[in-house]
Amino acid sequence: MILPQFILSVEKHWQKNLPFVLFSQPNDNRVTAYLQQDAVAYSTKDFSEESFVFAPFDYKEEALCILKDTATVLESNIAVQFTTQKTITLNSDPVEEQRYKDFIQNIIDSISTKSVVKVVASRRKAVSIPNINFELLVNELLNTNLSAFRYIWYHPNTGLWCGATPEVLFSCDGISFSTMALAATQKNIENKTPVWSYKEQFEQQLVTDSIVTNLQRLTSVLKTSRPKSHVAGSLVHLKTDIQGVLKNGRSTIPNIASVLHPTPAVCGSPTKLAKSILLKNEGYDREYYTGFLGTVNGKKKLASLFVNLRCMKIQDTTAYIYVGGGIIQGSEPEAEWEETENKMATMLSVIAPMV
Ligand SMILES: C=C(O[C@H]1C=CC=C(C(=O)O)[C@@H]1O)C(=O)O
């Protein structure tokens, strides 16, 4: 199917308020859509059916899903399209800025007095998009950061979410398994090799250590790479690749998801304490931001799941852009505010032509 026809079919489905997901794997020039034929909120605990799952940050062993077998499946090539790749600068909001910096300072204080080591703070920014245009949205999204997993998910119960995430939660092919520890952020400056401070290396190492510890029970062999720079659009992160072999029996997809989610890349360390600080003090509901999403087929032990980062929720004529960053000892509120401003660039470039 050619892309304009693909986009039109999905748009017509959306106008009928029926659930759908469209997605493109990292560095793939194909886009796939699952169009669900009724408005039921299907959910799964065992991830056994071939489906696309969509789980919130506060995941309680159950995720929404669109079942592939009962959906209409469309596929198209992503032709290189004209996209505006415009950048926009938003008016600063001093009240929001102060509130966020105070929140960061409170976390820094907790780190020095309590037993929490890392907390990933976040916020959301409302941007008015008076001229929402579905075709533009899809084209801009698919041409944004091609090495990311790009998606648009819609269900009447969740609203419209879209994103371009650089972070894999895990993928498995029945026998072997891979994931990553992604953390620390700098602006990506062309022809300049990033230099990572001790603080940034420590922040990322915490994520690697936690993932490796949590996977011990489920894997028989586990190999980790050295941390390396990983470009994600206008940003660059530190990334460790982690690969292993699954143990039979216990290593089901929901078990792997439960031991990994939420990693200290999106929540903190130790996980329970960091999560309770966030749920109590963050001041808004993350919903699906920092949850996870992607395709699964539990019967064959296949999964390709991503962490829902660099994403936004579009409601009527407002886009809510979600951004966050890891706070550890030595973090500074001003730098953390800047980092979240920089992280907004991915979604801002997607909506730029509609603002
Ligand atoms: C929580 C986010 O990013 C995570 C992933 C990579 C780097 C991060 C950081 O530098 O803090 C975060 O852990 C976000 O983009 O909203």
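A residue counts as near a molecule or strand if its C-beta atom, placed from the backbone, lies within 6 Å of it. Of the 17 residues around the ligand here, Thr185, Ala265, Gly324, Gly325 and Gly326 come nearest. Strand E7 (118-128), strand E11 (176-187) and strand E19 (318-327) each give two or more residues to this shell; helices (H or I, at least four residues) and strands (E, at least two) are DSSP runs, numbered from the N terminus.

Please keep in mind that this is a predicted model, in which local features need pLDDT of at least 70, side-chain atom pairs count only at pLDDT 80 or more, and totals for chains, interfaces and linings use all residues. Residues are numbered from 1 along each chain as its sequence is written.

## The sheet

Nine strands form an open, antiparallel sheet in the order E6-E2-E1-E8-E9-E18-E19-E7-E15, where two strands pair if DSSP finds at least two bridges between them. Strand E6 (72-77) and E15 stand at the edges with a single partner strand each, so one side of each is left without a neighbour in the sheet.

E15 pairs with E7 in the antiparallel sense over two bridges, and Ser269 in E15 is the bridge partner of Lys118.

## Helix H6

Which residues of helix H6 (residues 271-281) are buried? They are Ala274, Ile277 and Leu278, buried meaning that 20 or more other C-beta atoms lie within 10 Å of a residue's own, while exposed means 12 or fewer and partly exposed lies in between, with C-beta atoms placed from the backbone. On the other side of H6, Lys272, Ser276, Leu279 and Lys280 are exposed. Just after H6, Gly283 takes a positive phi of about 85 degrees.
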